[in-house]
Amino acid sequence: MFIFNKRYFYLTIILFLIEVCIAVFVNDSFIRPFIGDALVVILIYCFIKAFWNIHSSLVALSVFAFSCTIEIFQYFNFVNNLKLQKYKILAVALGSVFDWKDIIAYAISIVTVLWLENKT
């Protein structure tokens, strides 16, 4: 079950660096909120696949469910209700604004991942 897959590990690092660049240098209404959300789902998928030999469909659906759960937490203002806003990294990771477009971005990412995985 536990493995080390260099390909997914390198993809994880590259996606993480892209996410950091987006967070630091981009402040727009499309790349940061939509592309950033789409890429983070792929990043999580690649991280899991870098260390565990789990079927792609199971990982993809689990990552999608996890992402949607975080989005639901945002709908219920989870960060503020639990007084977590003072923990900046945690507050940014959990987010604070629910948006249906985020769920669409997650779904597009997962469909893309599954298509690419089944293509090879």
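1. Val97 and its contacts. Leaving aside neighbours within four places in sequence, Val97 is in contact (heavy atoms within 4.5 Å) with Glu71, Gln74 and Asp102. The model is a predicted one, in which local features need pLDDT of at least 70 and side-chain atom pairs count only at pLDDT 80 or more, while totals for chains, interfaces and linings use all residues. Residues are numbered from 1 along each chain as its sequence is written, and side-chain values use heavy atoms, with hydrogens and water left out.

2. The place of Val97. This residue belongs to the loop between helix 5 (88–94) and helix 6 (100–119); helices here are DSSP runs of H or I with at least four residues, numbered from the N terminus. Val97 counts as exposed because its relative accessibility is 60%. The terms rest on relative accessible area with a 1.4 Å probe and protein chains only: buried is under 20%, exposed is over 50%, and partly exposed is in between. Between the C-alpha atoms of Val97 and Lys119, which are 22 residues apart along the chain, the separation is 35 Å.

3. Gly95 in the loop between helix 5 and helix 6. Gly95 is also found in the loop between helix 5 and helix 6, but Gly95 counts as buried because its relative accessibility is 16%.

4. The salt bridge. A search of the whole structure finds one salt bridge, defined as a side-chain nitrogen of Lys or Arg within 4 Å of a carboxyl oxygen of Asp or Glu. The partners are Lys101 and Asp99, with 4.0 Å from N to O. Side chains of opposite charge can pair when their charged atoms come close. Lys101 is exposed, with a relative accessible area of 52%, whereas Asp99 is partly exposed, at 26%.

5. The largest nonpolar core. A nonpolar core is a set of buried Ala, Val, Leu, Ile, Met, Phe, Trp, Tyr and Cys residues joined through side-chain atoms within 4.5 Å. The largest one has 21 residues, and those with the most contacts inside it are Leu15, Ile42, Tyr45, Cys46, Val63 and Ile110. Two or more residues come from each of helix 1 (6–25), helix 2 (31–51), helix 3 (56–75) and helix 6. Helix 2 gives the most to this core, with eight residues. In soluble globular proteins, nonpolar side chains tend to be buried together.

6. Cys46 and the second core. Apart from residues up to four places away in sequence, Cys46 touches Tyr8, Leu11, Thr12 and Leu15. A second, separate core has five residues, among them Ile70, Val79, Ala91 and Leu94.

7. Ser67. This residue lies in helix 3 and is buried, with a relative accessible area of 6%. With neighbours within four places in sequence left aside, Ser67 is in contact with Val41 and Tyr106.

8. The largest pocket. On a 1 Å grid over the protein atoms alone, a pocket is an open set of points where a 1.4 Å probe fits, with protein on both sides within 12 Å along at least five of seven lines; lining residues have an atom within 4 Å of a point. The largest pocket holds about 1100 Å³ of space, the volume being that filled by probe spheres set on the points, which are joined across faces, edges and corners. Its lining has 32 residues, of which Glu19, Asp37, Val40, Val92 and Ala93 lie nearest its centre. Helix 2 gives the most to this lining, with eight residues. The lining divides into 19 nonpolar, five polar and eight charged residues, where Ala, Val, Leu, Ile, Met, Phe, Trp, Tyr, Cys and Pro count as nonpolar, Asp, Glu, Lys and Arg as charged, and the others, Gly among them, as polar.

9. The second largest pocket. Its volume is about 170 Å³. Twelve residues line this pocket, and Leu11, Ile42, Cys46, Val113 and Leu116 lie nearest its centre. Helix 1, helix 2 and helix 6 are the elements that give two or more residues to the lining.

10. Positive phi values. Most residues other than glycine have a negative phi. Phi of Asn77, however, is near 55°; Asn77 is placed in the loop between helix 3 and helix 4 (78–81). Lys83 has a positive phi of about 60° and lies in the loop between helix 4 and helix 5.
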